[in-house]
Amino acid sequence: MRLCLVPPPPAPRSRSRVEFCGAERFAWLQVAAGARRWKQIRHGGPVEAVLLLGGGGGTWTGTWSHPRRALDPIPKQQSLWTGSLINDYKEACKEIVVGAKDHPGKAAFYCTLLAGSCVCGYNNPCDQSFQATLLESSNLLLILSPWVRNGRSDQHVQSLVKVKNQGRLRYQNLLIFSLVYAAPYDTKTSIYDAQCEYLKPRWSDFPGRVLDIGFFGKWWILSSKMRDWDINDEEFAYLPAELRTITPQNLHSTENERLFELKFQPVILEEEHIQEGGGG
C-alpha cells in the first residue's frame, strides 16, 4: 500500500470530493483497517491525498481542507436587537419633542418637577449628616445648666442618643428624602424575639417609629425640637397668664416705648426725698 501527496488537480466530474473537519488545523487519516500507523498531515491549504491500494488496484481521492465553522447567527441577532432598540428610543424622543410643542405648559411642569427632584436628590442628607447634627445639638445643650435648658429639646436629644447607643438607629435613603427610624433590636442581637419572623413589627407601626425626616439638607424634626433650646419654659410657669407669653403688640406698645425713654432722663431729687434718705 502506498501513500502519496500530490497538488490538487482540477476536479474532474468523475471524482467525489469529501471534506474533513478537525481542530487546530490538523487532520488525521487512517489509511485502512490493516494500516500500521496514523498519518498526520499538517496543511496550510487544500491538499489532495491519493491512495493507491495494492491488490485491487483501486484509487480513492479525498480533499482535505481547513475546518469550516458554521456561521453563528447570534451577532446578527444582536445587531438587529440593538438597532430596533435604538429606533424605539429615537421614536420616543420624537414623541416627547412633539408633545412638548403641543402642550408647553404641561412640558414645563414636568421639566420643573424633574429638575426639582434632581436638586432634592442632590441635597438629600446622609447618615453622617444626621450623626453630626445630633452631636452638635447635644453639645449645645451640654454647655447650659439643666435649669436653663429647654425641656422639650433636652428630652428629644436624650431619646435619640439612647436609641443610638443601643444600636437601634436606622437610616433609609429614599432618593429625594431620607428617614431615620428606630429598630426594635440591634442587628447583632440573637434572642428569639429578634430572630423570629412572626414577632417582627408590622408596617402599620412604622410611622410611630420614625424619628426624623431629612429633606433638602435639613433634619426637620430635630430642628423643630431645638427651637429655643436655651429657654426653659418651666421658669415662667408661676407667672400670671398675661405675662407668660409676649406678643409683638406688647413689644411695640406705647407703654414700653415710654418706659424705655424714661430711663435716659435725669433723676431729680426733691427736698422731701433728700430728707427721707438722710433720715433713713
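Arg 149 is buried, with a relative accessible area of 16%. The side chain of Arg 149 meets that of Asp 154 in a salt bridge, with a distance of 4.0 Å from N to O. The structure, which is a predicted model, holds one salt bridge.

**The chain as a whole**

- The protein chain has eleven helices and nine strands.
- Of its 280 residues, 18% count as buried.
- The accessible surface of the protein chain comes to about 22,200 Å², and carbon and sulfur atoms account for 59% of that surface.
- Among the contacts in the protein chain with a separation of 6 or more, 61% are between residues 24 or more positions apart.

**The nonpolar core**

- The largest nonpolar core has 13 residues.
- The residues with the most contacts inside this core are Phe 130, Val 157, Leu 160, Leu 169, Val 180, Leu 211 and Leu 222.
- Two or more residues of the core come from each of helix H3 (127-142), helix H4 (151-165) and strand S7 (178-182).
- When neighbours within four places in sequence are left aside, Phe 130 is in contact with Leu 160, Leu 169, Val 180, Asp 212 and Trp 219.

**Aromatic residues**

- The structure holds six aromatic pairs.
- One of these pairs is formed by Phe 215 and Phe 216 and is tilted, with 6.3 Å from centre to centre and 40 degrees between the planes.
- A pair of aromatic rings is described by two values, namely the distance of the centres and the angle of the planes.
- Phe 130, Tyr 171 and Trp 219 form one aromatic cluster; Phe 130 is also one of the residues with the most contacts inside the largest nonpolar core.

**A nonpolar patch on the surface**

- Val 119, Ile 213, Phe 215, Phe 216 and Trp 220 form a nonpolar patch on the surface. Together, these residues have about 440 Å² of accessible area.
- Phe 215 is partly exposed, with a relative accessible area of 31%.
- Phe 216 is likewise partly exposed, with a relative accessible area of 46%.
- Trp 220 is found in helix H7, which covers residues 220-225. The relative accessible area of Trp 220 is 43%, so this residue counts as partly exposed.

**Thr 133**

- Thr 133 lies in helix H3 and is partly exposed, with a relative accessible area of 24%.
- Not counting residues up to four places away in sequence, Thr 133 touches Trp 219 and Leu 222. Of these, Trp 219 belongs to the aromatic cluster, while Leu 222 is among the residues with the most contacts inside the largest nonpolar core.
- Thr 133 and Lys 218 are 85 residues apart along the chain, and their C-alpha atoms are separated by 9.1 Å.

**Arg 227**

- Arg 227 has its place in the loop between H7 and helix H8 (241-244).
- Whereas Arg 149 is buried, Arg 227 is exposed, with a relative accessible area of 61%.
- Arg 227 touches Asn 150, Arg 152 and Ser 153, not counting residues up to four places away in sequence.
- Arg 227 and Ser 153 are 74 residues apart in sequence, and the distance between them in space is 7.6 Å, C-alpha to C-alpha.

Notes. Residues numbered from 1 in each chain as written. Predicted model: local features only at pLDDT ≥ 70, side-chain atom pairs only at ≥ 80, totals over all residues. Heavy atoms only, no water. Core = buried A, V, L, I, M, F, W, Y, C linked by side-chain atoms within 4.5 Å. Buried < 20%, exposed > 50% of the residue type's maximum accessible area, 1.4 Å probe, protein only. Helix = DSSP H or I, 4+ residues; strand = E, 2+ residues; numbered from the N terminus. Contact = heavy atoms within 4.5 Å. Patch = residues over 30% accessible without salt bridge, like charges linked within 9 Å, V, L, I, M, F, W, Y side chains within 5 Å. Areas by Shrake-Rupley, 256 points an atom, 1.4 Å probe, with all protein chains shown as cover. Phe/Tyr/Trp six-rings, centres within 6.5 Å; stacked < 30°, edge-to-face > 60°.
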